[in-house]
Amino acid sequence: MSLSRGDGFVHLADYRAPAWRVLHAGLVFELDPAATTVESVLSLEPDPARPGQPVTLDGEGLELLAIELDGRALGGDGYAYDGHQLTILDPGRACELRTRVRIHPDANTRLEGLYQSGRLLLTQCEAQGFRRITFMADRPDVMPRWRITLRAARDAFPVLLANGNPVSSRGLGDGRHEAVWENPHPTPAYLFAIAAGELGRVTKTLRTAEGREVELNVWAEPGDVERCRYALGAVDRSLRWDERRFGRGYDLDVFNVVAAQDFTMGAMENKGLNIFNARYILADEATATDADFLAIESVVAHEYLHNWSGNRVTLRDWFQLSLKEGLTVFRDTEFSSDLHSRALKRIEVVRLLRGRQFAEDAGALAHPVRPDRYKEISNFYTLTIYEKGAEIIRVLHTLVGEDTFRAGMDRYFADNDGKAATLEDFLAAHAAASGRDLAQFARWYAQAGTPELAIRADFDAASGDYTLTIDQHTPATPGQPEKQPLLIPLRFALYDADGGEITTPPEADAVVREGMAELTAARHVLRWRGLRGRPLPAFNHGFAAPVKLQVDYSVDELARLARLERDAFNRWDLLQRLATDALLGAAHAEAATQTLSDVLADLLEDTSADPAFVAECLALPDFDTLAEQVDEVDVEALVGRREELLDRLAEDQVERLQSRYEALADVAAGGLDGPEMSARALRNACLSWLTRLDPQAALAEAQFAAANTMTARLAALRCLLHFQAPGAEAALAAFQQQFRHDPLVTDKWIALVATRPHPEALADVEALMASNWWKATNPNRVRALLGSFARSNPLGFHRRDGAGYRLVATQVASLDAINPQVAARLLGAFESWRRWTAPHRGPAREALAALEGKLGSPDGRDLLERLLG
Ligand code: ARG
Ligand code: ZN
């Protein structure tokens, strides 16, 4: 893919198949942190349809030591290398290119390519990191088979891992040793991986449904091995689930997972050798929270499930990114839903969508799930590509149903196995399996912005005619002023005065079946005739359509619905709506507050409800979710109103909170079973509300002192710090001291300090940056301190004096030179700045403008340009 238009963008429309394919890659690494040499032998084959093309290979900043074509050294006139691309005059036939390069892992702070983390050597190649290791057609539609030889000093690097299956290992006599790995599956370079160093493992052998014996290993630095057991179990569960639910087996003799303390993203699905951010592997009850355990299981599943959705079927080009990411998020979400509570998982996902993805879709960085151009692909690993991409798959699943969806997936895997696919291939498989024309559905991928459905109800008491008029609208986004209607499955239900469901289908200008209308036009009308009274409608059950709904309800109607809705997710959703009305719906805010309080009282008294669900109901919409629903974001006012509402609700519930808090103590004391985690969730929600009411009371202090799980301890510490309770300092000091050698737990208290809801938190953040706790090269630490501050501390980040913006922008500039992806992520905190009120907008603009000319990376420059553009 070349920058053929000279506009700085790569365009989807410019895609061309490679003129040269790489059939086989044989690599020999002489590993050394300071200077590693890589010898590569590539078998190259021209596309007969495009004769006369030079061989062009990507290679970023490589020190070229030797180059030979078919055994003959190439002279300066036979090739050219400009530091980015190696060009060889058309050899005119299939040939073998041998190169030797030198690279410097210990100087690699961008953590892309081959780098050092602690005493380990590791790789991260997606999207375009492989070219920092050696020359390659570094694009996903070039899929060689691989043979990888690793050589290193045995004492420093006793374990040598690479993609595929182990072939052989031997000593080399000089204190060095060698391991050879072979990956027989055609695999693009972005899935290449090696890991070397002193690693210990937990291991388990199983036989797959197809009868293959597979060794599962989870590796970590020796002191961390015991904390890998939970992750190992999660690998096992993922493998079994993909066999059962999608009929997909594992296809190598080993599956290795390695945990690294320095890792830019969450984890990476390299073929047969997943590499993880340690925070998504290491866990025990003393150091990980319940949320950590669930996140670990879900990320482990995500990466494992990529083996089919991403690796066996890979991407033709990076525009198709959501083809693997959206699909794999859909799959990992189903995995978690099948294993645990489907309602709780849906609540978690919908919170993320409404709080973060909707904001992205409405801000300066909005982009379609399949963009049609990009400057820097690293900036497209977004909530839109991942989470909205997964929602689109869910829409398809809703439209066709589980069995047809599964048939479509089977067909997609069968037709594209071993190939580099496009969204069109995916849609073609599902169109064939379902017999549906998916042309309009495909617009979900092309149009940015969150669709809005405005629903108006009219009832004619004389005739009993009831109509629902549904208008669909997607707001303009950067580069896309006009939008077309999408295919949206809208679930609905009508309740009569006795709370019975009216099952008569409406007359409609849309396909309607079993409580679902398939909206395809800008407006649809559903009409019922001869109803005995005005019904009460409910919509979008399970949030099946990822849209914003505008429906006018009176508070009485909401209260009735809250009692009618049986489904847990829908009940939660109604409470969110009540809370939103209480906070933003000026006219009946007080009535909404009272209703909300009444419903919460019922819930707190309902000991048959899942306590974790009750905890979710106590958690009001967060700041981001609220900010997304107002035209102009007045930060202090919004935070202030939310705090007031919380105070008021807590006062109303105080006795119920106390009694649930006490009653759940025993179950909450330990263990990772569902009821135990649930009990802790509600108990910690109660603790937070009780501490809010009376920070002087010693409740949080007592929980902190007595805690035997990290979940209880950290929740107590949060209450102490965030409500500025008397025991806060002492508890923080004790916590710091106890876990000072554990970087992951250290990140936890740092994030708590950074998110103290107070403008003065800025000073704490600055103090931490000046301390030994600050590690600018460690992405987790940067996220814990600066990411939490910028994304989850509205009062600190949005200080009136602009100091929050300046701090973050200044750090973006220095981090950009260390790790551009981490810096660019942080810069994304400004995505909604144009919607902030004037006193914030000015300083935000200044902080961004001050960055102009200070960002060296394409990542940072691309983002800044879009933010200011
Ligand atoms: N494919 C990885 C995943 O499972 C993420 C890789 C992110 N890479 C990047 N350059 N941002 O989601
Ligand atoms: Zn992924």
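Which residues are around ligand 1? They are Glu126, Ala127, Met265, Ala267, Met268, Glu269, His302, Glu303, Glu325, Ser378, Tyr381 and Gln821. A residue counts as near a molecule if its C-beta atom, placed from the backbone, lies within 6 Å of it.

Before we go further, a word on the model. It is predicted, so local features need pLDDT of at least 70 and side-chain atom pairs count only at pLDDT 80 or more, while totals for chains, interfaces and linings use all residues. Residues are numbered from 1 along each chain as its sequence is written, and chains are lettered from A and ligands numbered from 1 in the order in which they are written.

**Around the ligand**

The shell around ligand 1 divides into five nonpolar, three polar and four charged residues. Here Ala, Val, Leu, Ile, Met, Phe, Trp, Tyr, Cys and Pro count as nonpolar, Asp, Glu, Lys and Arg as charged, and the others, Gly among them, as polar. Strand S20 (267-268) and helix H2 (290-305) each give at least two residues to this shell. Helices (H or I, at least four residues) and strands (E, at least two) are DSSP runs, numbered from the N terminus.

The chain is divided into five domains: domain 1 (20-197), domain 2 (199-290), domain 3 (314-446), domain 4 (452-553) and domain 5 (739-869). Their bounds come from an automatic or database domain assignment. Because domain 2 and domain 3 both supply shell residues, ligand 1 lies between them. The centres of domain 1 and domain 5, taken over C-alpha atoms, are 36 Å apart.

**Two backbone details**

Most residues other than glycine have a negative phi, and most peptide bonds are trans. Glutamate 126 and alanine 127, however, are joined by a cis peptide bond, with omega about -5°. Alanine 127 sits in the loop between strand S11 (120-124) and strand S12 (145-153). Asparagine 540 is not a glycine, yet its phi is positive, about 55°. You will find asparagine 540 in the loop between strand S32 (536-539) and strand S33 (548-551).

**Helices that meet**

Axes are lines fitted to C-alpha atoms, for helices over the stretch in contact, and angles run from 0 to 180 degrees between N-to-C directions.

| Helix pair | Axes come within | Crossing angle |
|---|---|---|
| H14 (residues 635-663) and H16 (residues 674-693) | 8 Å | roughly 130° |
| H1 (residues 229-246) and H3 (residues 321-339) | 11 Å | roughly 100° |
| H18 (residues 710-722) and H20 (residues 743-754) | 10 Å | roughly 25° |

Angles under 35 degrees count as roughly parallel, over 145 as roughly antiparallel, 65 to 115 as roughly perpendicular and the rest as oblique. H1 and H3 are therefore roughly perpendicular to each other. Their contact is made by Arg237, Ser238, Trp241 and Arg245 of H1 and Glu334, Phe335, Asp338 and Leu339 of H3. Two residues are in contact if their C-beta atoms, placed from the backbone, lie within 7 Å. The residues of this contact comprise three nonpolar, one polar and four charged.

H18 and H20, by their angle, are therefore roughly parallel to each other. In this pair, Leu714, Leu717, Arg718 and Leu721 in H18 meet Lys748, Trp749, Leu752 and Val753 in H20. Six residues of the contact of H18 with H20 are nonpolar, no residues are polar and two are charged.
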